[in-house]
Amino acid sequence: MPKFTPADLDAHKAKLLAATAKKAIIKVGLNTCGDAAGAQPVMAAIKEEVAKAGLDAQIVKTGCSGMCALEPLVEVSVGGAAPTQYGRVTVEAAREIVEKHVKGGRVVEAFKVPSVGEMSSEKPVPGKQYRIVLRNCGVIDPESLDEYIARDGYQATKQALTAMTPEQVISELETSGLRGRGGAGFPTFMKWKLTRASRPGEQKYIICNGDEGDPGAYMDRSVLEGDPHAVIEGMIIGGWVIGASQGIFYIRAEYPLAIERIEKAIKQARANGLLGKNILGTGFDFDCEIRLGAGAFVCGEETALIASIEGLRGTPRPRPPYPAQKGLWDQPSMVNNVETLANIAQIVLRGGAWFGAIGVGRSKGTKVFAVTGKVKVSGLIEIPMGTTLRQVVMDICGGTSSGKPIKAVQTGGPSGGLIPENLLDTPITYEDLGKLGSIMGSGGMIVMDESDNTVELSRFYLDFSVDESCGKCAPCRIGGTQMLRTIDKIVARKGTAADIAKIRRIALTMQRGSLCALGQTTPNPVLSALRYFESEWTERLVPATKK
Amino acid sequence: MTVKAIINGIPIEVAEGTSILEAAKKVSIKIPALCKHPDLDHTAACGICIVRIKATGRTLRACCTPLENGMDIVTHDPEIVNVRRGIVEMIMSKHPNECVTCSRNQNCELQTMCADFNIERSDLDNIVPDLPLDETTRAVTLDPRKCISCGRCIQVCQKDQNVWALTFMERGIETRIAPAGDISLAESPCVKCGQCSAHCPTGAIVEYDEGPDVWQKLMDPELHCVVQIAPAVRVAIGEAFGFKPGTNLTGKIYAALRRMGFKAVFDTNFGADLTILEEGTEFVERFAHGKGELPLITSCCPAWVDFMEKYSAPCRRPTTPRRSRPTPRRSTWSRSCRARPKSMRSSATTT
Ligand SMILES: Cc1cc2nc3c(=O)[nH]c(=O)nc-3n(C[C@H](O)[C@H](O)[C@H](O)COP(=O)(O)O)c2cc1C
Ligand code: SF4
Ligand code: SF4
Ligand code: FES
């Protein structure tokens, strides 16, 4: 394909949209989750049946639409009719769907499940899903540049590079109120502005943080797998704004499909003049490479990530200097999360004001969550900020899978905390979750019902953090282990009230004395369990007199 | 450029880039610091130096945070002191209680820190790891159990000496100091410069102690023991025995060594003279008679020679002289005193 100029891009898009669609469109979800659920043989069976019957059908493999519990997912649309979503599709079911629906035009009610379209709304309303980040996930073939272009792909890059100044992009981001989705929630416009202002003219780097190490979280993986070009667009625009010529995708090695899809997407973009020298004929040179994560949770921390790229031990270093001042190879660098970057193109295209109108207070736009635990429909969801936790669990995820009452919801993974049932009407915002002793985090959400035990859940998270401590600083390295030993004593019903006091003392030392957020937040799950479910701890204690 | 700030209510103006720790020193405020060595860049490892920013209530490390304009800092409050104390207690829970037999006893920064915080006992579990000693170099002794992971030795070894022999292995609570690649120190690129032991705050890396071995040899009637002292020792030894710094004690040292049982006491000056004669001869041979390569580079420091040989490819053998160490030659002395060479044992003292 030729290298695109801005005009070519538009012409190509128009051509794609005008192309006559096949009579039937069959989409099969083929992310890591679909693959694990057996979507490959389903895909093969569909191809076979379509070929056998000689049907005029386009078979598309897509990313994850979010309904991971219902994989393998197959979506069928015949003759332009609204698509039907089928879930938990077996090979036999797939054959039946082709036979009855694709060929016969009759929906197979037995395998029908609610579609994402039915569950989300056109306009952002609390309690319903609204898709910005996941807009293409499960909808397009992530390995097809054409499908991305047909859905406004690279229009934002064109818009920014040809019709805006970097300052205008920063200003739109400021209006949008977008904050980093990697956990800390730092205003994105500010980070871009600071990195742009830092040492102008020097070599700079933009880094996409795809290390995603929280247990139970896979938002970033789904975006990388399901809509890789959207993240690349975020990188191009970010690189252009800060003055970087090089972008680096840091993706954890445990995500082979995400790596493969980003690799393919980079090659496609390069071949079409969307990456490399003279992007879209604008004179802007920018290219991306991929680095594999070193397999440690702490390598998601931006300074440890940079050390890891440099080939050093992946341990955090103190800030300042911030990466904007002195980052990769001592040059000004900017680390952005996958989800943050996936928002950029849409903000550039639709304007900061559009984004800023979604959400509440200082928490704007949407947030993707990976909801797991005791819910009926677990999976990936994207909701407008300000949606309450109860709406997520009851309305979007269908309540508890056991039918038992909800006990608590854990947000923020190992750095976050438990929120008890009586506080579930709290709106999901950075500030409100923080007030409750939890955090927004990167998007892990675990739902617990009455049969779950908070001592054990907090112990699980503590164990994870202790295991993942890099060992650089004393409070985290030793404090975590000492806290874990104390909890084990309580679990073994050998603890006393003095041990609870000891846990609190260790927690304070870790919060104040640890170098990075890993150690500072390690005590959070335990402290929140103590705060809201103290009786579960005290009932395990030995009365002090019996010692 | 200077910055103006307030520390414990005291206004202060310092050069831009000065750490909070250094700035506080200028107004006679001592912020306790354990991992930070005055001569080295910070490692930010212990967290004992935390101070509070009054405006936000947040704590940050004084050793690695530059003072900024307008900062208002509190260095001591009940919570900060408790946290510092908590950290020292944690470090102690993982450190063997072997002070009386440790060669760093009375000269250990961790011991001092414990005393400063009045730490006598702790309710934390004892979690001292079981790790073997590394005495393979017979130059420095590595006792990883005593390591507090301050990172100083790694910094001097990697960044200052550029040797890269030492590193941290594993992570989290398993983190331990070790030669890179987990080989023995003798197999590692270690050049035995001793910078790690000179900067270690605890007894985790100390100079290898040959004392017990020397005493054994001295007490063996079959052996003929000789000793030599390095020039600097004559003066440097005085302070340890309560003499005024700078007192020359050559005579007293000779007498003491003879009473210990050494048959002869040499002065390293003598060996140095011999070395210079030999090196001079070699140089003349190479320079004037073209026998061997040039340049000829020499040093009495065995670590320097080791470093050149390991790390400086063009400086392999031919550039360092055949003989560059001022130690007396066994054969020469045994001829002049008629002792059997095999029964000769030679000790040397250096500073
Ligand atoms: C222990 C630890 C792990 C982290 N892991 C990730 C991660 O996997 N992905 C991520 O984007 N940010 C992670 N972060 C946050 C990053 O340090 C950084 O703030 C973020 O990538 C910045 O991007 P944002 O501003 O777009 O959020 C982690 C932070 C800590 C302390
Ligand atoms: S807080 Fe933990 S993870 Fe972070 S630097 Fe310290 S030891 Fe490493
Ligand atoms: S061996 Fe000594 S200097 Fe090296 S890290 Fe351990 S305590 Fe610090
Ligand atoms: S002295 Fe500052 S962290 Fe150790």
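Panel 1. On a 1 Å grid over the protein atoms alone, a cavity is a set of points where a 1.4 Å probe fits but cannot get out, and its lining residues have an atom within 4 Å of a point. This is a predicted model, in which local features need pLDDT of at least 70, side-chain atom pairs count only at pLDDT 80 or more, and totals for chains, interfaces and linings use all residues. Residues are numbered from 1 along each chain as its sequence is written, chains are lettered from A and ligands numbered from 1 in the order in which they are written, and side-chain values use heavy atoms, with hydrogens and water left out.

How many residues line the largest cavity? There are 15, and C157(B), L166(B), C190(B), C193(B) and C196(B) lie nearest its centre. In chain B, α4 (152-160) and α5 (195-199) are the elements that give two or more residues to this lining; helices (H or I, at least four residues) and strands (E, at least two) are DSSP runs, numbered from the N terminus. The lining has eleven nonpolar, three polar and one charged residues. Here Ala, Val, Leu, Ile, Met, Phe, Trp, Tyr, Cys and Pro count as nonpolar, Asp, Glu, Lys and Arg as charged, and the others, Gly among them, as polar. The space in this cavity is about 130 Å³, and the whole structure holds eight cavities of 30 Å³ or more. A volume is the space filled by probe spheres set on the grid points, which are joined across faces, edges and corners.

**Panel 2. Ligand 1 and its shell in chain A.** Around ligand 1 there are 18 residues, of which G182(A), K191(A), E212(A), N337(A) and T340(A) come nearest; a residue is near if one of its heavy atoms lies within 4 Å. Which element gives the largest share of this shell? That is β9(A), with three residues; β9 (333-337) and α21 (517-521) of chain A each supply at least two. The shell divides into four nonpolar, eight polar and six charged residues.

**Panel 3. Backbone atoms beside ligand 1.** Look here for polar contacts, pairs of N or O atoms within 3.5 Å. An oxygen atom of ligand 1 lies 3.3 Å from a backbone N or O atom of R181(A). For G300(A), a backbone N or O atom lies 3.2 Å from a nitrogen atom of the ligand. A polar backbone atom of V335(A) is 3.4 Å from an oxygen atom of ligand 1. The protein covers 91% of the 610 Å² of accessible area that ligand 1 has on its own, with areas from the Shrake-Rupley method and a 1.4 Å probe.

**Panel 4. The shells of ligands 2 and 3.** Ligand 2 has 13 residues around it, and C470(A), K472(A), C473(A), C476(A) and C516(A) come nearest. They divide into eight nonpolar, four polar and one charged. Ligand 3 is surrounded by 13 residues, with C147(B), C150(B), G151(B), C153(B) and C200(B) the closest. Its shell has nine nonpolar, three polar and one charged residues.

Panel 5. The side chains of D152(A) and K13(A) meet in a salt bridge, 2.7 Å from N to O; the term means a side-chain nitrogen of Lys or Arg within 4 Å of a carboxyl oxygen of Asp or Glu. Because D152(A) lies in the loop between α6 (145-150) and α7 (155-163) and K13(A) in helix α1 (residues 6-18), the pair ties together parts that are 139 residues apart in sequence. Y154(A) also lies in the loop between α6 and α7 of chain A, and has a positive phi of about 65° although it is not a glycine.

**Panel 6. Cis peptide bonds.** The peptide bond from P320(A) to P321(A) is cis, with omega near 0°. P321(A) sits in the loop between α13 (302-309) and β9 of chain A. In chain B, the bond from L294(B) to P295(B) is cis, with omega near 0°, and P295(B) lies in the loop between α9 (268-289) and α10 (302-311).

Notes. 1 Å grid on protein atoms, 1.4 Å probe; cavity = no way out; pocket = protein on both sides within 12 Å on 5 of 7 lines; lining within 4 Å. Polar contact = N/O pair within 3.5 Å; in protein donor to acceptor, adjacent residues only side chain to side chain.
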